[in-house]
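Hi,

Here is the structure I promised to pass on.

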Amino acid sequence: MLDYKKEKLLLKASNINLKYDTRQILRDVNFEIFNVTRPDVIQGQVISLIGRSGIGKTQLFKILSGLIQPTSGTVLIGEEQRPVVAGEVGVIPQNYILFKHRTIYNNLKIGLANSGRKLSENEAKDIIEDHAKQFDLQDHLKKFPAQLSGGQRQRVSILQQVLTGNKFILLDEPFSGLDPIVKDKVDELLMKVSHLNEENTLIIVSHDIINTLALSDTAFILAQEPGKEGATITEVVDLMAMGYAWRPGIKADHTFLDLVLNIKSKL
Amino acid sequence: MPTPKVKAADFFLPFGRIGKSAAGILLAGELILALVAWQLSGGGLLPTPSRVLTSMTKILSESYFFDNFFSTLGLVLQAMGLSIVIAMVVSYLYLIPVFTPIARFIMKCRYLTLTGLIFLFTLLTSNGHSLKISLLIFGIVPFFVTSLVSVIDSIDKAEFELCKSLRMTNWEAWWEVVILGQLDQVFEVMRQNFAISWIMITMVEGLNMSEGGLGAMLIKSNKYIDLGSVFGILVIIFFIGVCSDYLLGMLRKWFFPYTTFNTRN
């Protein structure tokens with residue numbers, strides 16, 4: 001069995017409802033995210049929100065990041081459980097939006113500049129270069145976003161949010177359109193971000209069940225209940241309790257693959 | 001990599017790829033054909049290319065041409081400069097609700113004809129130069145604002161969301177995404193709309209001929225039915241316009257190098 005403890009509450013979504021005109025998109029979405037600690041390991045949380053395309057994942061993503069307000073319900077974050085405000089949760093959209101008119105260095109600098117830390121030009125440069133090295137971006141700092149591949153832009157996008165100092169980072173479909181080798185690299189990258197800080201919490205919104213589950217410690221299944229309009233959390237999968245969390249090579253485990261098939265059948 | 005051989009059928013296929021040198025040959029060939037057709041069909045009322053060329057050479061060798069040319073260039077640059085500033089201010093303020101109706105009204109002014117407003121502008125301005133500048137600005141700004149607002153409207157909403165997630169205020173997001181992020185597009189709009197001002201200038205110069213200008217030259221030549229000169233001036237105006245377009249395109253690449261890259265997947 002894995003040795004871990006669930007400690008303080010980091011995020012709580014309560015009774016989230018979202019309606020557009022009379023159409024119910026999300027219905028009574030409730031879930032909690034706790035800080036998970038492991039002995040001798042500094043590691044954050046990796047949570048997945050799994051659901052079919054068009055089910056309302058992106059809308060929930062925007063609500064969790066404070067970019068849109070739900071019709072009713074609340075999202076509370078941090079130790080003091082305050083209502084989420086845009087800017088407190090980092091967002092990595094599916095198409096890795098960056099400022100096209102800024103070089104990679106300046107894109108990262110703008111993230112750091114909004115972190116609230118008072119830094120001299122040299123200190124900022126050192127921090128950016130150090131992080132760029134960790135994320136294998138050191139050779140691309142003078143380039144513009146259009147000169148980078150999709151995978152490289154994704155790394156810049158994640159690093160930009162890390163430099164802003166956000167502990168929560170939401171990723172919308174990070175595996176979308178990537179080949180299997182690049183998907184493995186994204187796995188490594190996200191684990192790296194998770195290991196940067198105990199309270200770092202990555203929330204992956206995806207329909208790619210196998211890759212998302214393999215990274216996560218907890219998964220929430222977003223689906224529609226029979227006869228009810230609007231998506232809600234229909235199941236919580238505790239991958240830590242099941243012994244699947246933090247295990248490299250888990251994608252080859254046949255019991256894990258059975259779990260993937262089981263979840264697939266419920267979407 | 002070896003250049004693929006261009007087949008004759010490629011010239012007639014939609015999306016046919018013919019390469020740079022073949023495209024150059026095609027352009028030259030079509031130009032020669034057009035000139036030959038013009039030469040053969042001309043000779044009556046329509047001056048032939050050789051007559052136009054003779055007139056052009058004569059016009060270019062006269063000192064008054066350069067006086068008129070610089071007069072036109074000065075007027076167009078002054079009008080363009082003022083129009084850009086006014087259009088940028090109006091377009092950037094368009095996202096602030098209180099200014100939105102004003103921007104929308106200015107856009108609709110594209111449908112107002114200048115001819116009907118000449119009397120009003122004559123009353124409002126103190127001299128011929130101010131009259132020409134005012135008319136040009138009034139004519140250009142609605143087109144500029146329409147293009148700029150269309151650029152602003154096409155900004156991906158995710159860019160504003162990125163700003164919010166980076167803790168920027170609304171004003172900071174506006175500065176980053178609308179002003180800095182779209183400067184290259186402003187330049188492109190300016191390049192595209194330069195043609196409008198170039199077309200309008202000849203008409204406006206006809207209203208007050210005391211300062212001369214290419215428009216005034218054109219009207220005088222028309223008056224005396226000197227069609228060789230008329231066509232000569234038209235060809236000169238056309239070439240100056242094309243050269244300006246090329247120059248502005250080069251400047252855009254130089255000022256905004258990121259516009260030359262295609263986004264990789």
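A word on naming to begin with: helices (H or I, at least four residues) and strands (E, at least two) are DSSP runs, numbered from the N terminus. This is a predicted model, so local features need pLDDT of at least 70 and side-chain atom pairs count only at pLDDT 80 or more, while totals for chains, interfaces and linings use all residues. Residues are numbered from 1 along each chain as its sequence is written, chains are lettered from A and ligands numbered from 1 in the order in which they are written, and side-chain values use heavy atoms, with hydrogens and water left out.

Let's start with A86(A), which sits in the loop between β5 (82–83) and β6 (89–92) of chain A. Its relative accessible area is 25%, so A86(A) is partly exposed (buried means under 20%, exposed over 50%, partly exposed in between, with a 1.4 Å probe and protein chains only). Not counting residues up to four places away in sequence, A86(A) touches S65(A), G66(A), L67(A) and, from chain B, K164(B) (contact means heavy atoms within 4.5 Å). I55(A) is 31 residues from A86(A) along the chain, and their C-alpha atoms are separated by 23 Å.

K183(A) belongs to helix α5 (residues 180–196) of chain A. With a relative accessible area of 18%, this lysine counts as buried. Leaving aside neighbours within four places in sequence, K183(A) is in contact with F175(A), L178(A), D208(A) and N211(A).

Next, the nonpolar cores (sets of buried Ala, Val, Leu, Ile, Met, Phe, Trp, Tyr and Cys residues joined through side-chain atoms within 4.5 Å). The largest has 70 residues, and F99(A), L136(B) and V145(B) have the most contacts inside it. Helix α6 (residues 128–153) of chain B gives the most to this core, with 13 residues. Apart from it lies another core, of 33 residues, including L108(A), V156(A), I158(A) and L215(A). As for V145(B), its contacts beyond four places in sequence are A87(B), V90(B), S91(B), A103(B), I106(B) and M107(B).

Now the rings. Over all chains, the search finds 18 aromatic pairs (rings of Phe, Tyr and Trp, the last by its six-membered ring, pair if their centres lie within 6.5 Å; planes under 30 degrees apart count as stacked, over 60 as edge-to-face and the rest as tilted). Y4(A) and W246(A) make an edge-to-face pair, 5.9 Å centre to centre with 70° between the planes. Y4(A) lies in the segment before β1 (5–20) of chain A and W246(A) in the loop between β10 (231–238) and α7 (254–266) of chain A, so the pair ties together parts that are 242 residues apart in sequence. W246(A) is buried at 15% relative accessibility, whereas Y4(A), at 22%, is partly exposed. Y244(A) and F256(A) also pair edge-to-face, at 5.6 Å centre to centre and 70° between the planes. Both of these are buried: Y244(A) at 10% relative accessibility and F256(A) at 0%. Ring pairs also link F144(A), F187(B), W254(B), F255(B), F256(B), Y258(B) and F261(B) into a cluster.

Cheers
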